[in-house]
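Me: I would like to go through this structure with you, one contact at a time. Please keep the answers plain.

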Amino acid sequence: MIEWLHGLPPLVVYGTVLLVVGVESIGVPLPGETVLIGAALLAGQGVVSPVTVAVCAAVSAAVGDSIGYLLGRRYGDRLFAWAARRSPRHLGPDRLASARSLMERHGVWAIFFGRFVALLRILAGPLAGSLGMPYRTFAVANWTGAVVWAGVTTAVVVALGAAAEQLLGRVSTGGLVAVAVLAVGAVVLVRVRSRRRQRQSEGG
């Protein structure tokens, strides 16, 4: 992916990020994360702007998810049945059931952190729409998750530079993002525990 993107003009690289990440977020299995990481590697080499790459990824992810939400709200299970026939490997009944279960249990957190998980990155929007999540609630989690995902992924890859490219040869493209997810999760966990202790001390 990095070699293919390297031969493209910067505007085409940005356009590729917009298109692939956006279409993936609607619910079509495309390598959005791979394209983002490839573009971020180019940004680390000074070929393209890291800020523009991150903005393109964040906007296209959030807009794509919003379109997916509207499609899921309008067509519901018919949309998922059609998707399963078109792409049984990525969107088969087992994967759909797993994603639906996560969405029902975790709600907005599944939308936010789903950006970092391939299955939820594809299905979060349509599932939220089909399950009747209020759009305002969905939009907050969707835009926040998209900005954090795009910004953190781009920043981590640019910071690691050549080391990121070598690491990607050994692990899945989600490997680098997993580190960021763990970091964000740790911060959230610490804050939740701190607030819980504060409530207990106030109650005592």
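Me: Which residues of α7 meet α9?
Reply: In this predicted model, R95, L96, S98, A99, R100, L102 and M103 of α7 meet L119, L120, L123, A124, L127, A128 and S130 of α9.

Me: And how do these residues divide by class?
Reply: The contact of α7 with α9 comprises 10 nonpolar, two polar and two charged residues.

Me: At what angle do α7 and α9 pack?
Reply: Helix α7, which covers residues 93-106, packs against α9 at an angle of about 65 degrees, and their axes are 10 Å apart. The two helices are therefore roughly perpendicular to each other. As for handedness, α7 passes α9 in a right-handed crossing.

Me: Staying with α9, where does R121 lie, and is R121 buried or exposed?
Reply: R121 lies in helix α9, residues 118-130. R121 is buried, with a relative accessible area of 5%.

Me: Which side chains make polar contacts with the side chain of R121?
Reply: The side chain of E24 is one of them, at 3.3 Å. The side chain of E33 also makes a polar contact with that of R121, at 3.5 Å.

Me: What else does R121 touch?
Reply: Not counting residues up to four places away in sequence, R121 touches E24, S25, E33, D65, G114, R115, F116 and W149.

Me: Let me step back to the whole protein. How many helices and strands are there?
Reply: The protein has 12 helices and zero strands. Read from the N terminus, the elements run α-α-α-α-α-α-α-α-α-α-α-α.

Me: What percentage of the residues is buried?
Reply: Buried residues make up 41% of the 204 residues in the protein.

Me: And what share of the contacts comes from residues 24 or more positions apart?
Reply: Taking the contacts with a separation of 6 or more, residues 24 or more positions apart account for 75% of them.

Me: Now the helix pairs that involve α4. How do α4 and α10 cross?
Reply: The axes of α4 (residues 50-75) and α10 (residues 135-160) come within 8 Å and cross at roughly 150 degrees. Helices α4 and α10 are therefore roughly antiparallel to each other. The crossing of α4 past α10 is right-handed.

Me: Which residues make that contact of α4 and α10?
Reply: On the α4 side they are P50, V53, A54, A57, A58, V59, A61, A62, V63, D65, S66 and Y69. On the α10 side they are Y135, F138, N142, W143, A146, V147, W149, A150, G151, T154 and V158. By class, the contact of α4 with α10 has 18 nonpolar, four polar and one charged residues.

Me: What about α2 and α4: what is the angle there?
Reply: Helix α2, residues 10-26, packs with α4 at an angle of about 25 degrees, and the axes are 7 Å apart. That angle makes α2 roughly parallel to α4. The crossing of α2 and α4 is right-handed.

Me: Which residues take part on each side?
Reply: Helix α2 contributes Y14, V17, L18, V21, G22, S25 and I26. Helix α4 contributes T52, V53, C56, A57, S60, A61, G64, D65, I67, G68 and L71. The contact of α2 with α4 has 11 nonpolar, six polar and one charged residues.

Me: A57 has come up in both lists. Is A57 buried or exposed?
Reply: A57, found in helix α4, counts as buried, at 0% relative accessibility.

Me: Which residues is A57 in contact with?
Reply: Leaving aside its neighbours within four places in sequence, A57 is in contact with V17, V21, L36, W149 and A150. The C-alpha atoms of A57 and V20 are separated by 9.1 Å, and these residues are 37 apart along the chain.

Me: V53 is in both lists as well. What is the relative accessibility of V53?
Reply: V53, which also has its place in helix α4, counts as buried at 0% relative accessibility.

Me: What are the contacts of V53?
Reply: Neighbours within four places in sequence aside, V53 is in contact with Y14, V17, L36, A39, A40, V48 and T154. V53 and L18 are 35 residues apart in sequence and 8.9 Å apart in space, C-alpha to C-alpha.

Notes:
Residues numbered from 1 in each chain as written. Predicted model: local features only at pLDDT ≥ 70, side-chain atom pairs only at ≥ 80, totals over all residues. Heavy atoms only, no water. Axes fitted to C-alpha atoms, helices over the stretch in contact; angles between N-to-C directions. Helix = DSSP H or I, 4+ residues; strand = E, 2+ residues; numbered from the N terminus. Parallel < 35°, antiparallel > 145°, perpendicular 65-115°, else oblique. Left-handed = near helix turned anticlockwise from the far one by under 90°. Contact = heavy atoms within 4.5 Å. Nonpolar A, V, L, I, M, F, W, Y, C, P; charged D, E, K, R; others polar. Buried < 20%, exposed > 50% of the residue type's maximum accessible area, 1.4 Å probe, protein only. Polar contact = N/O pair within 3.5 Å; in protein donor to acceptor, adjacent residues only side chain to side chain.
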